[in-house]
Amino acid sequence: LQQLLPRVVDPTIRAELELLLSSERGVNRELRRICERLHPSGLRDPLGLPGVLRGLTKRIPAAWPGSCELHVEGEAVRLDLAVQREIYRIAREAVINAVKHAEATAIDVCLHFPAQSHQPLRLVVADNGRSGKAVEPRPSHYGLYNMHESARAAGGTLEIVRDPECGVRVVLTCPIARSDT
């Protein structure tokens with residue numbers, strides 16, 4: 001359509017085509033944004049998880065008045081793409097839940113790489129939420145279920161702990177599935 005546009009002489013048809021092209025560009029931008037949120041391009045790098053999580057923690061305060069910080073402990077190791085993707089999904093869901101449901105003002109995301117390969121990787125997403133709401137699945141809401149499934153897919157376990165005094169802690173513990181690349 002973009003190539004045909006200069007050849008269209010009828011102003012009404014030309015205006016319709018320009019509107020259609022503009023709309024199509026907007027749809028493409030939105031689809032790219034959605035795809036990037038679901039599977040960030042940085043995960044293609046076996047060492048990309050910290051950078052992708054950093055991007056997540058930097059985007060959240062733009063739409064929410066609290067603070068969201070990432071702490072990376074230990075030396076990053078190469079991780080399998082599938083494991084990185086599941087860790088990211090858990091982190092994203094935990095952060096979104098803290099923003100939407102916890103009345104939190106601060107969220108800390110900690111990615112702990114183990115010192116030795118036989119030790120597990122840990123992801124902890126902690127908020128200072130004050131909502132007092134129980135952390136339990138709700139009908140037609142699949143976030144908690146999906147987090148547990150992501151933990152299983154990564155070969156790990158997920159624990160969600162509610163402390164009325166200091167919010168919620170989501171803890172993923174999983175073995176290091178190292179990338180072959």
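**Core and helix packing at a glance**

Leu53, Ile87 and Leu123 touch the most other members of the largest nonpolar core, which has 38 residues. Such a core is a set of buried Ala, Val, Leu, Ile, Met, Phe, Trp, Tyr and Cys residues joined through side-chain atoms within 4.5 Å. This is a predicted model, where local features need pLDDT of at least 70, side-chain atom pairs count only at pLDDT 80 or more, and totals for chains, interfaces and linings use all residues. Residues are numbered from 1 along each chain as its sequence is written, and side-chain values use heavy atoms, with hydrogens and water left out.

- At least two core residues each come from α2 (49-59), β1 (67-73), α3, β2 (106-112), β3 (121-127), α4 and β5 (167-174).
- Helix α3 gives the largest share, 8 residues.
- Beyond its neighbours within four places in sequence, Ile87 is in contact (heavy atoms within 4.5 Å) with Leu49, Leu79, Leu121, Leu123, Leu172 and Cys174.

**Helices α3 and α4**
- The axes of α3 (residues 81-101) and α4 (residues 143-153) come within 9 Å and cross at roughly 155 degrees.
- That angle makes the two helices roughly antiparallel (over 145 degrees).
- In α3, Glu86, Arg89, Ile90, Glu93, Ala94 and Asn97 meet Gly143, Leu144, Met147, Ser150, Ala151 and Ala153 of α4.

**Around Gly74**
- Gly74 lies in the loop between β1 and α3.
- The C-alpha atoms of Gly74 and His112 are 6.0 Å apart, with the two residues 38 residues apart along the chain.

Notes. Axes fitted to C-alpha atoms, helices over the stretch in contact; angles between N-to-C directions. Helix = DSSP H or I, 4+ residues; strand = E, 2+ residues; numbered from the N terminus. Parallel < 35°, antiparallel > 145°, perpendicular 65-115°, else oblique. Buried < 20%, exposed > 50% of the residue type's maximum accessible area, 1.4 Å probe, protein only.
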